[in-house]
Amino acid sequence: GMAWADLSIAGIGEMHFFGIGDWGGLDGSLLTTGGRPGLMIYRGGGTAGPHVFPWTRFNKDHSELLCSHDDFVHCYDTSVASCSSGCGFVEGVDTQPQQLVAAAFKERAAKN
């Protein structure tokens with residue numbers, strides 16, 4: 001993840017800012033049209049519900065490729081032990097980011 005610098009916005013009272021990253025979710029059960037292939041990228045991705053689209057990963061300056069799309073798909077298809085360390089794949093995080101973000105927002109909303 002990335003921590004942003006403190007931000008000051010003029011106004012009265014407490015304010016909150018929520019930022020969401022985009023993992024490019026797919027629904028593997030979607031029936032495509034026009035002869036286009038289905039949206040299944042990795043093993044198990046053909047089921048209903050959100051599935052992550054494994055993007056390539058670069059270093060912070062975007063000057064060095066750390067994990068290609070194919071390398072990242074390999075992480076989803078196999079065990080974490082055989083995944084390239086440059087991918088930074090974390091079972092339980094990379095496999096369900098949409099659900100984790102939704103749960104965090106629900107928890108935060110309950111406090112306000």
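Residues are numbered from 1 along each chain as its sequence is written, and side-chain values use heavy atoms, with hydrogens and water left out. Because the model is predicted, local features need pLDDT of at least 70 and side-chain atom pairs count only at pLDDT 80 or more, while totals for chains, interfaces and linings use all residues.

The largest nonpolar core has 10 residues in all. A nonpolar core is a set of buried Ala, Val, Leu, Ile, Met, Phe, Trp, Tyr and Cys residues joined through side-chain atoms within 4.5 Å. Buried means under 20% relative accessible area, exposed means over 50%, and partly exposed lies in between (1.4 Å probe, protein chains only). The members are Tyr42, Val52, Cys67, Phe72, Val73, Cys75, Tyr76, Cys83, Cys87 and Phe89. Helix H1 (residues 69-77) gives the largest share of this core, four residues. Helices (H or I, at least four residues) and strands (E, at least two) are DSSP runs, numbered from the N terminus.

Aromatic rings pair up in this model, and the count comes to four aromatic pairs. Phe72 and Phe89 form an edge-to-face pair, 6.2 Å centre to centre with 90 degrees between the planes. Phe72 lies in helix H1 and Phe89 in the loop between H1 and helix H2 (97-111), so this pair ties together parts that are 17 residues apart in sequence. Phe72 is buried, with a relative accessible area of 3%. Phe89 is buried too, with a relative accessible area of 8%. Tyr76 and Phe89 make another edge-to-face pair, at 5.0 Å centre to centre and 75 degrees between the planes. This pair also links distant parts of the chain, with Tyr76 in helix H1 and Phe89 in the loop between H1 and H2, 13 residues apart. Ring pairs link Tyr42, Phe72, Tyr76 and Phe89 into a cluster. The rule takes rings of Phe, Tyr and Trp (its six-membered ring) with centres within 6.5 Å; planes under 30 degrees apart count as stacked, over 60 as edge-to-face and the rest as tilted.

Not counting residues up to four places away in sequence, Phe89 touches Arg57, Phe72, Cys75, Tyr76, Val80, Cys83, Asp94 and Thr95. Contact means heavy atoms within 4.5 Å.

The structure holds one salt bridge. The term denotes a side-chain nitrogen of Lys or Arg within 4 Å of a carboxyl oxygen of Asp or Glu. The side chains of Arg57 and Asp94 form the bridge, at 2.7 Å, N to O. Arg57 lies in strand S1 and Asp94 in the loop between H1 and H2, so the bridge ties together parts that are 37 residues apart in sequence. Arg57 is partly exposed, at 26% relative accessible area. Asp94 counts as buried, at 7% relative accessibility.

Thr95 is found in the loop between H1 and H2. Thr95 is partly exposed, with a relative accessible area of 31%. Leaving aside neighbours within four places in sequence, Thr95 is in contact with Val52, Tyr76, Phe89 and Val90. Thr95 and Pro54 are 41 residues apart in sequence and 9.7 Å apart in space, C-alpha to C-alpha.

The segment before S1 includes Gly46 and Met40. Gly46 is partly exposed, at 34% relative accessible area, whereas Met40 is exposed, at 51%. Leaving aside neighbours within four places in sequence, Gly46 is in contact with Gly28, Ser29 and Met40. Gly46 and Ser29 are 17 residues apart in sequence and 5.6 Å apart in space, C-alpha to C-alpha. Met40 and Arg108 are 68 residues apart along the chain, and their C-alpha atoms are separated by 32 Å.

Leu7 sits in the segment before strand S1 (57-58). Leu7 counts as exposed, at 62% relative accessibility. Together, Leu7, Ile9, Met15 and Phe17 make a nonpolar surface patch of about 470 Å². Patches are made of residues with over 30% relative accessible area and no salt bridge: like charges are joined within 9 Å, nonpolar side chains (Val, Leu, Ile, Met, Phe, Trp, Tyr) within 5 Å. Accessible areas come from the Shrake-Rupley method with a 1.4 Å probe; for residues, only the protein chains shown count as cover.

His62 is placed in the loop between S1 and strand S2 (65-67). His62 is not a glycine, yet has a positive phi of about 60 degrees. Most residues other than glycine have a negative phi. His62 is exposed, with a relative accessible area of 55%.
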